[in-house]
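Please read it alongside the sequence and the structure shown here.

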Amino acid sequence: MTHAPLRIVMVGHVDHGKSTLLARLLHDCGCLPDGAVDAARAASTARANDDFEWAYLLDAFQAERDQAVTIDITRRILKANDQSYILIDAPGHREFLRNMVTGASDADAAILVVDATEGVCDQTRRHALLIQLMGVRHVIVAINKMDVVDYASDVFDRIAADMRALLAGLDLAVQAMIPVAARHGVMLRARGDEMGWYDGPTIVEALGHLAVPPARQDGPLRFIVQDIDRRDGHRVIVGRVDRGVIRAGDRVLLSPLNEITTIEKIVVWPEDDGRIAAHAGDVVGLILSDRVFVERGHVISSIDHAPILSNIFRARLVWLGHADVRPGDVYTVRVGTRELVASVQAIERVVTADDLTPHYHAPSAPRHAVVDMTLRAQGLMALDAGHDGAILSRVCLYDGPDLVAGGGVDLSGYLDQRARPVSDGRNLHAVHGLVGAAERMARMGHRGGVFWLTGLSGAGKSTLATRVERALFDRGFATYVLDGDNVRSGLTADLGFSPVDRSENNRRVAAVAGLMADAGLVVLSAFISPFRADRDRARGFVPAGVFHEIYVRADLATCELRDPKGLYKKARIGQIADFTGIDSPYEEPEHPDMIVDTQSHEIDHCVTMIVDYVIAKTKNEKA
């Protein structure tokens, strides 16, 4: 069985011998073209260099040889262990981190090169952090230049201990820790006699122990639309199969359109009318059976394993822009081939390679920092979770034509905004009662309505709702409070607190609140309801003008200081997962009907504000 090549990114500080290791490894495994070594020797001689430089075998640019550094990414094929490897030589020094991110973005494992004469330096920590950021989890550490330290075992042991501590802190798995002398080929393919004290694997043996990743055609279908062409009167959807297999006759889902269609024909160049399937890596054209509007950036997937649709998500990015990034900044976000304008909603964590210390809720992030941020795009994007190399799990930010950030998508805590399938309603028949809204208002003296209080836990929603209920009842209103305590004991007792369960909880509450409002009651609904999409959906359960979104505003620090039920304390120590404001997001209302600021105003003032608002909206028939 032929396996797909394993992709290995090679990283390390500029002077630690990474390119030398790669070139000597290719040479020792017989993977260099004929004459390459002689050409490199001639280049060394021409520059009056007495020592043969293995790196000259790889450096493609004159500037690299003149500066003795590598400034581009080199990809070479290594064949060993009955397996092919794509070795990605990523530049190591600070100014070329942009290329480092590109080099690591599709790697299965990494070889991290460390100089035995220097040990762990700032660049080593920075590259380890970037490896983790780009989703690479398995690392082979090559402690190079052991010949310069006389092959001393104590030097290796000290640096190996430092590296294990560093990588463990970043949740990176150490595949092997290998002492090497790359210039002399020691512990690359051959062991040599210099380090009898070491009984671990060579570099080639360590590569042989890496697990072969599953073939990309085994994954769920992801066809990334690149362009639209026309052929013989047909619209041809041109793109690349990133994962899975697509066949003529398949029923597929279009994202973000959320429409289902059938693949009528697969078009290839040169023409092959017998082509009925395309596999991962193939660039083909598709003719669809239906006339649907598909454009560049859209994604075609299997119906049962579709990507998530969302306009808001977290991303862990390495920041490459010259200017610091701040909340409110606007960029172009790209996932796959889809590009949309997006704003930075929040900066949740910043880690700089200088000390690897995380700083939470920072006001900005500098160049070369790793940043966890929340992004809001001006449209829905098809996204995949995880760091498995899927193209829809990788994100880039651009400022005009300039790449300013790259990294991975984090969907934890965010809801799939793909519209749920609904009943076709063929066997449903609306029942119209004999009592109308006007009669109910005449009887009760007010209209029904849903007043949806949203805000962080501890903002004061339930306190306000019950106080307002009391005040309205004393004025003759028929009113009722819906909150977590009285619905989760019955109506939603089967639901937890995951994003999906929260959404279903809000859907059920909204449906009940709408029925109660139709019966003429003033319903005060007090729920965190953290997602805008859910609150918009709740508004859709009642007629226009009957739903009122009231934002009970107080910042996280204030709510956590109040913490009336001790929930924040439990969330901080990990006893409660997916807690809004801590490890699950809260999306502030963009255009609420009313804002009540409990951080700035006393509770009595806030109660009066809401009571006056309810009376104004329910006593006037035209309100």
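**Note on the predicted model**

1. A search of the whole structure finds 0 disulfides, a disulfide being a pair of cysteine sulfur atoms within 2.5 Å. Cys31 is in no disulfide, and the nearest cysteine sulfur, that of Cys29, is 5.6 Å away. Cys31 counts as partly exposed, at 22% relative accessibility, whereas Cys121 is buried, with a relative accessible area of 16%. Here buried means under 20% relative accessible area, exposed over 50%, and partly exposed in between (1.4 Å probe, protein chains only).

2. On the basis of the work: this is a predicted model, in which local features need pLDDT of at least 70, side-chain atom pairs count only at pLDDT 80 or more, and totals for chains, interfaces and linings use all residues. Residues are numbered from 1 along each chain as its sequence is written, and side-chain values use heavy atoms, with hydrogens and water left out.

3. The largest pocket has a volume of about 1200 Å³. On a 1 Å grid over the protein atoms alone, a pocket is an open set of points with protein on both sides within 12 Å along at least five of seven lines, a cavity is a set where a 1.4 Å probe fits but cannot get out, and lining residues have an atom within 4 Å of a point. A volume is the space filled by probe spheres set on the points, which are joined across faces, edges and corners.

4. The lining of the largest pocket comprises 42 residues, of which Arg314, Glu348, His361, Thr374 and Gly581 lie nearest its centre. Among the elements that give two or more residues to this lining are helix 5 (122-133) and strand 15 (308-319). Strand 17 gives the most, with 5 residues. Helices (H or I, at least four residues) and strands (E, at least two) are DSSP runs, numbered from the N terminus.

5. The structure holds 1 cavity of 30 Å³ or more; about 40 Å³ of space lies in the largest cavity. Its lining consists of Ser310, Ile312, Tyr414, Leu415, Gln417, Phe531, Ala533 and Glu587.

6. In helix 12 (residues 532-539), the buried residues are Arg532, Asp534, Arg535 and Ala538. They cover an arc of only 160 degrees around the axis, which puts them on the same side of helix 12; the arc is that of the directions from the helix axis to the C-beta atoms.
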